[in-house]
Amino acid sequence: MTLLKRATRILIVEDHEDSQRHFRRALERLDYSHIEVNGNGATGIVKARDYKPHLLFLDTNLPGLMGYEACQKIREEPWGRQMGIIGMSGNISPDARWQGAGSDELIQKYWFYQVHPQLDVKIQDVLKKYF
């Protein structure tokens, strides 16, 4: 089953409001429209449980709980194994802390600022694992 972009529920957990706006706009330009945001790792878990996104973007450095720690906690839950999770980092090099956390992918935040051509490809590849 393939999810239509306009039906795909996305949750962005990012603590910087400017980044939240940039990420939302980038996803809207790619025709995604059901986008929620949250700015805290611990409350992001609750939001993910309640919203049940098809795809969750988690920043690495979050207040309350680091993104990779939130990812581990989400994956421990039955509902958390039914969504794609993409970790986000401002670093250019891969972040070793995400290894073993359960994320499907790790991308650099600049992909959103430029609407990187591979952003939608990565999103679709992750969604295909679950839907």
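Predicted model: local features only at pLDDT ≥ 70, side-chain atom pairs only at ≥ 80, totals over all residues.
## Packing of helices α2 and α3

Helix α2 covers residues 41-51 and helix α3 covers residues 67-75; their axes come within 9 Å and cross at roughly 30°. Because angles under 35 degrees count as roughly parallel, α2 is classed as roughly parallel to α3. The crossing of the two helices is right-handed.

On the α2 side, the residues that meet α3 are G41, I45 and A48, and their counterparts in α3 are A70, K73 and I74. Sorted by class, this contact of α2 with α3 has four nonpolar residues, one polar residue and one charged residue.

## R75 in helix α3

R75 is also part of helix α3. Its relative accessibility is 14%, so R75 counts as buried, the cut-off for that class being under 20%. A polar atom of the R75 side chain lies 2.8 Å from the backbone oxygen of M83.

Apart from residues up to four places away in sequence, R75 touches G80, R81, M83, G84, I85, A101, G102, D104 and Y130.

T60 is located in the loop between β3 (55-59) and α3. Although placed in a loop, T60 counts as buried because its relative accessibility is 2%.

The T60 side chain takes part in two pairings. It reaches the backbone oxygen of M88 at 2.7 Å, and it makes a polar contact with the side chain of W98 at 2.8 Å. When neighbours within four places in sequence are left aside, T60 is in contact with M66, G67, Y68, M88, S89, D95, R97 and W98.

## I12 in strand β1

I12 belongs to strand β1, which spans residues 9-13. With a relative accessibility of 0%, I12 counts as buried.

Among the residues that I12 touches, not counting those up to four places away in sequence, are F23, R24 and L27, together with I35, E36, V37 and N38. For E36, the separation from I12 is 24 residues in sequence and 6.3 Å in space, taken from C-alpha to C-alpha.

## Y110 in helix α4

Y110 lies in helix α4, which consists of residues 110-113. Its relative accessibility is 33%, and Y110 therefore counts as partly exposed. The side chain of Y110 makes a polar contact with the side chain of W111 at 3.3 Å.

Y110 and D18 are 92 residues apart in sequence, while their C-alpha atoms are 13 Å apart in space.

## Loop residues with positive phi

For D31 the value is about 80°, and for K52 it is about 50°.

D31 is placed in the loop between α1 (17-29) and β2 (34-38), and K52 in the loop between α2 and β3. D31 counts as partly exposed because its relative accessibility is 39%. K52 likewise counts as partly exposed, at 42% relative accessibility.

Technical notes. Residues numbered from 1 in each chain as written. Heavy atoms only, no water. Helix = DSSP H or I, 4+ residues; strand = E, 2+ residues; numbered from the N terminus. Buried < 20%, exposed > 50% of the residue type's maximum accessible area, 1.4 Å probe, protein only. Polar contact = N/O pair within 3.5 Å; in protein donor to acceptor, adjacent residues only side chain to side chain. Axes fitted to C-alpha atoms, helices over the stretch in contact; angles between N-to-C directions. Parallel < 35°, antiparallel > 145°, perpendicular 65-115°, else oblique. Left-handed = near helix turned anticlockwise from the far one by under 90°. Contact = heavy atoms within 4.5 Å. Nonpolar A, V, L, I, M, F, W, Y, C, P; charged D, E, K, R; others polar.
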